[in-house]
Amino acid sequence: MSRIAECFEALRAQGRTALVPYITAGDPEPGVTVELMHALVEGGADLIELGVPFSDPMADGPVIQAACERALQHHVGLRQVLDLVGAFRKRDARTPVVLMGYLNPLEAMGYGAFASAARAAGVDGVLIVDLPPEEGGELLRLLDEEALDPIFLLSPTSTEARIDGVCARARGYVYYVSLKGVTGADTLNVSQVAERLGLIRARCTLPVGVGFGIKDASTAAQVAQVADAVIVGSAVVRLVETHADQPQSIAEPLRALMQSMREAMDGAVQASDLLGESNR
């Protein structure tokens with residue numbers, strides 16, 4: 001069983017929802033990335049999505065685009081990102097790490113070289129935004145050989161056929177994009193999210209994480225009541241940006257943000273469970 005599957009199984013047994021923050025590797029400088037990853041875990045993160053800097057992050061809004069630009073100023077590429085994961089693993093052998101990014105850097109490195117290096121570094125899953133699952137043949141085969149979980153996106157416009165195709169190829173979890181648009185978009189309707197998750201779960205046995213539009217502890221708590229994982233990107237990266245001129249000061253506010261979300265999520269899920277019991 002993969003670290004990701006073990007993580008979700010343990011949380012399910014505890015009646016808890018996974019908290020999954022995203023940061024861009026190398027932002028605002030490579031020297032603090034590992035420290036920030038540890039701070040996220042110390043604050044309550046269950047799994048980390050680590051962004052691979054890319055010059056054209058088309059699914060990402062301005063906040064994460066700017067983070068990629070800051071990282072690229074330090075020439076952070078895919079091999080450096082893998083080195084950072086390896087450094088993180090020296091202290092943390094438990095927390096799953098998913099690389100999130102675009103296909104071009106993997107093609108430049110070579111699929112086989114990437115898959116073996118990712119496994120050796122301690123990566124657990126890979127989410128390639130611009131890789132349609134039906135076109136992932138060679139890469140998916142190589143990821144499978146290295147026991148790396150391929151993770152795919154579903155959106156509000158995904159058809160039942162698309163859901164079936166994604167769930168047939170994905171492992172670890174499925175990432176549901178709760179809003180039409182890019183990361184950091186506004187107006188999350190949790191009732192609509194819950195309805196779509198019901199459709200996905202009817203066709204998929206994997207945990208479903210929800211991302212895009214989760215801005216604070218309050219929205220994280222709302223989503224925690226309907227999702228298997230709350231994925232937080234722009235809110236985390238925006239905080240990094242706020243302290244970018246003092247990189248060594250970022251860890252503590254990141255830790256505090258995770259703590260506030262973790263507490264709100266756990267409280268909301270417990271309250272929902274109690275309400276459900278009282279209605280039975």
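Visitor: In this predicted model, what makes helix H4 and helix H6 count as roughly parallel?

Guide: Helix H4 (residues 78-89) and helix H6 (residues 111-121) pack at an angle of about 25°, with their axes 8 Å apart. Angles under 35 degrees count as roughly parallel, and H4 and H6 are therefore described as roughly parallel to each other.

Visitor: Which residues of H4 and H6 meet, and what classes do the residues of this contact belong to?

Guide: From H4 come Leu-78, Leu-82, Val-85, Gly-86 and Arg-89, which meet Phe-114, Ala-117, Ala-118 and Ala-121 of H6. By class, the contact of H4 with H6 has seven nonpolar residues, one polar and one charged; Gly counts as polar and Arg as charged.

Visitor: Which residues have the most contacts inside the largest nonpolar core?

Guide: They are Leu-50, Leu-99 and Phe-114, in a core of 79 residues, to which helix H12 (residues 251-278) gives the largest share, seven residues. Apart from this core lies another, of 22 residues, including Cys-7 and Tyr-175.

Visitor: How do you know where the model calls for caution?

Guide: The protein chain averages a pLDDT of 92, and 94% of the residues score at least 70, but over residues 181-185 pLDDT stays under 50. Where pLDDT is low, the predicted coordinates should not be read in detail. The model has 17 contacts beyond four places in sequence for residues 181-185.

Key. Residues numbered from 1 in each chain as written. Predicted model: local features only at pLDDT ≥ 70, side-chain atom pairs only at ≥ 80, totals over all residues. Heavy atoms only, no water. Axes fitted to C-alpha atoms, helices over the stretch in contact; angles between N-to-C directions. Helix = DSSP H or I, 4+ residues; strand = E, 2+ residues; numbered from the N terminus. Parallel < 35°, antiparallel > 145°, perpendicular 65-115°, else oblique. Contact = heavy atoms within 4.5 Å. Core = buried A, V, L, I, M, F, W, Y, C linked by side-chain atoms within 4.5 Å. Buried < 20%, exposed > 50% of the residue type's maximum accessible area, 1.4 Å probe, protein only. pLDDT = per-residue confidence, 0-100.
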